[in-house]
Amino acid sequence: MALIKCPECSKENVSDTAVSCPNCGYGIKAHFNYIKKQERIAKVQNELQIKKIKKKLIISSLILMVIFVFIIIIIDKEKAKVREEERIARNTKSEYEEILEHFNSLNKSITEYINLEKEVDYKLYHRIVYSFQVTSDDFSSSKYLSDEHKEMLKSKFNSIFSKKNKDFLKTLIKEGSDDYKSTPLVKLFELY
């Protein structure tokens, strides 16, 4: 129990547990109950505000996490796309270079065979046939060569092979099986 000043008449030494002020009759107990009630209301409101803020923080954090995960997924997809494009570019380059290498080998073998003049070297002739088959198969099974690359190969073919060597290939194809005549390589380079 404490002695206080009456909030209404300012009389000193009034008990804080008294029902009313002995001087003016002001309800001291009701006054303090009202103050306690207001403090409890303020405390509850404060707790509600804190809960609302926490709820907003949790929702904001979840939204940020979803955005972050979404960004990571997009970045990962873009990286995968770039890796795939690089792989295709490497494969295209290697297929293109491999077919060019076959062209050079085939051209060299044909030139060597033609330079033998009237001698017939069956081993060399079979190497030419095999080389042509490999080149044709590689060209047919190519997964990565675009139309642009095929046109570049056609241009390279025309620059690498002399007319004599092209004529030899045409003869080889005419004498060969029908499988030769229908290959994409023969069609593209107009060898039949």
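These exercises work through one predicted protein model, each with a stepwise solution.

The model is predicted, so local features need pLDDT of at least 70, side-chain atom pairs count only at pLDDT 80 or more, and totals for chains, interfaces and linings use all residues. Residues are numbered from 1 along each chain as its sequence is written, and side-chain values use heavy atoms, with hydrogens and water left out.

**Exercise 1. The overall layout**

Find how many helices and strands the protein chain has, and give their order.

Step 1. Helices (H or I, at least four residues) and strands (E, at least two) are DSSP runs, numbered from the N terminus.

Step 2. Count. The protein chain has six helices and two strands.

Step 3. The order is β-β-α-α-α-α-α-α.

Step 4. Check burial. Buried means under 20% relative accessible area, exposed means over 50%, and partly exposed lies in between (1.4 Å probe, protein chains only). Of the 192 residues in the protein chain, 26% are buried.

Step 5. Accessible areas come from the Shrake-Rupley method with a 1.4 Å probe; for residues, only the protein chains shown count as cover. The accessible surface of the protein chain is about 14,100 Å², and carbon and sulfur atoms hold 56% of that.

**Exercise 2. Salt bridges**

Find which residues form salt bridges in the whole structure.

Step 1. A salt bridge is a side-chain nitrogen of Lys or Arg within 4 Å of a carboxyl oxygen of Asp or Glu. Side chains of opposite charge can pair when their charged atoms come close.

Step 2. Search. The whole structure holds two salt bridges.

Step 3. Take one pair. Glu84 and Arg87 are joined, with 2.6 Å from N to O. They sit three residues apart in helix H1 (residues 28–115), so about one helical turn separates them. Glu84 is partly exposed at 34% relative accessible area. Arg87 is partly exposed too, at 31%.

Step 4. Take the other pair. Lys163 bridges to Asp167, and their closest N and O atoms are 3.3 Å apart. These residues are four apart in helix H4 (residues 163–175), so they too are separated by about one helical turn. Lys163 is exposed at 63%, while Asp167 is partly exposed at 33%.

**Exercise 3. A nonpolar surface patch**

Which residues form the nonpolar patch on the surface?

Step 1. Define it. Patches are made of residues with over 30% relative accessible area and no salt bridge; like charges are joined within 9 Å, and nonpolar side chains (Val, Leu, Ile, Met, Phe, Trp, Tyr) within 5 Å.

Step 2. List them. The patch is Ile59, Ile63, Leu64, Ile67, Ile71 and Ile75, with about 540 Å² of accessible area together.

Step 3. Leu64 lies in helix H1. At 57% relative accessibility, Leu64 is exposed.

**Exercise 4. Cysteines**

Step 1. A disulfide is a pair of cysteine sulfur atoms within 2.5 Å.

Step 2. For Cys21, the nearest cysteine sulfur belongs to Cys6, 3.6 Å away. Cys21 is buried, at 2%. For Cys24, the nearest cysteine sulfur belongs to Cys9, also 3.6 Å away. Cys24 is partly exposed, at 38%.

**Exercise 5. Positive phi**

What is the phi of Ser10, and what is that of Asn13?

Step 1. Recall the background. Most residues other than glycine have a negative phi.

Step 2. Read the values. Ser10 has a positive phi near 65°. Asn13 has a positive phi of about 60°.

Step 3. Locate them. Ser10 is in the loop between E1 and E2, and Asn13 is also in the loop between E1 and E2. Ser10 is partly exposed at 40%, whereas Asn13 is exposed at 58%.
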